[in-house]
Amino acid sequence: MFESQGRPAWADQARLVALGAAIADRLPSRLDATRASTLALRLRRLGFENAAHAHLVAARIALAARRTDLSISHLTAAATSRRRGSAIDRVTGWLAQALLCRTMNNPRAMLAACSRGLDVLEEYRLTLGATEARATATTHGRELVEIALRHAVATNDAHKAVRWNERLRSTQWLPSSAQDRADPALVAELAAVRDVSRQLAEQQGDEAALARLRRRRDQLEASVRSRALRREAGPAPVDSSPRARTSTADRWRPPDGIALVELFELDGTLYAVTATSRRTKLHEVGPADAAATSVQHGQTLLRRTARGAARHTDQLLAAAGQQLQTRLLGPAAAEIERSGAQTVVLVTTARHYAAPWTLLPVLAERGVSISPSSQAWRRADAARPPRDGHVALVSGPGLATGGGELGALAAAHKEPIVLTGPDATAERVLATIDRAALAHIAAHGTFRSDNPQFSSLRLADGPLTVFDLERLHRPPHRIVLASCDSGVMAPAGADELLGLVTCLVSLGTTGVLAPISPVNDAATVGFMVAVHAGLAGGLGLVEAARQAREKHADDALARATAASFLVFGA
């Protein structure tokens, strides 16, 4: 097609892509390497904008075909882009430089190139206003981190593994843009999305009307998403430099009573780094796919238990917990046990975060916190609630309990603001939870796998989406989302997550308690009452959730419900 259009550079690029596809399932031959080299050189002569990437592809094919000299030639050519061109071109150039240094057996220069490439990527991401765009941009740095992690694993250096593992896990840590919070057009479009979604929920029988409403909703959502992706970033935080954030990551050790566990995938294997006040250690856990399968099985068990469909629930929960411990932590579990830590901070991969972690025997009686990075957890742990903060309690429509538990929750706090029934509209809820010390929203949650930024909580006038939450001036210091699936997030970029929780964390919320699966409404009430009793008594979110689990440890349904809730942050 490109040849017929008289676009030779694009035709050669297409040929290079086709060659890469052809050798995906076999080792490339020396002839394949020659063909790739010819295409890359021709693209360079034609001034193609992606010539550096073409050289990188040719170098990979040559290296796999054991033509080291040809690979070095193309890596050298690709590396020239590391100091000029767009940010992505420069990242590509630093990746080529890292691969070149690895080929030349110069690990020190290789790690320096990885670091420089990630610095460029981080600076680029700071210019992006949309959380989705920043998360997706991390894809360009995945291989830089993997090169460094392979070196850390090969040298059994746990500190370096932590340091490099932290480099890409920063989208949720970076404050999100506030440029469009008062944009009238955005507010109007979001209100229109709510109105159409409410009509869809109320419409029955008329297929033609339903089809029109779905088309209108899709158009509005596309407009909102486009506006968000075009927005500019706000001013960068003073401590946003990647060097500033990672320079202390590899030297930090948790205080007594706290254990940090960082999980990462490398070449199909799951690894764990445990850090306690005594030592930091690297562990090989096992196949990453097997661990992900166990997470899915655990999720299925929680859903069946919530519906009352599981038999022999006690035995199933125990077996699932033991299997999850073996496949997710492996030898790291014994290290946690030896540490005597009362709280475990988990920095997990995107594929494994949604495990029912508190079913694991080693974590069952400990406080458990999920965090995007150790730096993010330290920042959240050091934050203090606003002195003038209030407590906001919200109930959405259609709950099996009718929101009646809000009375019991309100009794635990001093002068809370309560919104229920028709009063719980999106605008009133946003205004009420803004600047709150603690917010609680009991509402039906919907996770949108097709676009996580439209994941929502159902309120009186329709869904409250992630885009709505991004309009908050100051998010609640802590928030409890007693809503099905409100803790579910979708992988994006290299190892990032998108959803309601990551939105709140990026805005500055220090702790979120939310379920990672559908929950039983009646069982949730008892758990929530116990959590709020702990919070009103001065406990943090992690400890309040741990004590609430202890109070319901004797009942299988209540235990499964508690295991569905995870604490994100501190």
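**Thr 349 and its partner**

I started with the side chains of Thr 349 and His 352, which are joined by a polar contact of 2.5 Å. A polar contact here is a pair of N or O atoms within 3.5 Å; within protein, one must be able to donate a hydrogen and the other to accept it, and residues adjacent in sequence count only if both atoms are side-chain atoms. This is a predicted model, where local features need pLDDT of at least 70 and side-chain atom pairs count only at pLDDT 80 or more, while totals for chains, interfaces and linings use all residues. Residues are numbered from 1 along each chain as its sequence is written, and side-chain values use heavy atoms, with hydrogens and water left out.

Where does Thr 349 lie? I found Thr 349 in the loop between strand 4 (343–347) and strand 5. Helices (H or I, at least four residues) and strands (E, at least two) are DSSP runs, numbered from the N terminus. Is Thr 349 buried or exposed? Thr 349 is buried, at 2% relative accessible area; buried means under 20%, exposed over 50%, and partly exposed in between, with a 1.4 Å probe and protein chains only.

**Strand 8**

Next I looked up strand 8 (438–442). Five of its five residues are buried. Leu 438, His 440 and Ala 442 point one way, and Ala 439 and Ile 441 point the other way. I noted the general rule too: in a regular strand, side chains alternate between the two faces of the sheet.

Which strands does strand 8 pair with? Strand 6 (residues 391–395) runs parallel to strand 8, with five bridges joining them. Strand 12 (residues 478–481) also pairs with strand 8 in the parallel sense, over four bridges. Two strands pair if DSSP finds at least two bridges between them. I checked who faces whom: Ala 392 is opposite Ala 439 in strand 8, and Ile 441 is opposite Leu 481 in strand 12.

**Cavities**

I got six cavities of 30 Å³ or more. On a 1 Å grid over the protein atoms alone, a cavity is a set of points where a 1.4 Å probe fits but cannot get out, and lining residues have an atom within 4 Å of a point. Grid points are joined across faces, edges and corners, and a volume is the space filled by probe spheres set on the points.

The largest cavity has a volume of about 120 Å³. It is lined by 15 residues, and Leu 399, Glu 405, Ala 482, Asp 521 and Thr 524 lie nearest its centre. Strand 8 and helix 21 (521–536) are the elements that give two or more residues to this lining, and helix 21 gives the most, with four. I sorted the lining into eight nonpolar, five polar and two charged residues. Ala, Val, Leu, Ile, Met, Phe, Trp, Tyr, Cys and Pro count as nonpolar, Asp, Glu, Lys and Arg as charged, and the others, Gly among them, as polar.

The second largest cavity holds about 70 Å³. Its lining includes Thr 358, Phe 527 and Arg 549. Helix 22 (541–551) is one of the elements supplying at least two residues, and helix 22 gives the most, with four.

**Cysteines**

Last, I counted zero disulfides (a disulfide is a pair of cysteine sulfur atoms within 2.5 Å). For Cys 114, the nearest cysteine sulfur is that of Cys 101, 8.8 Å away.

Conventions
1 Å grid on protein atoms, 1.4 Å probe; cavity = no way out; pocket = protein on both sides within 12 Å on 5 of 7 lines; lining within 4 Å.
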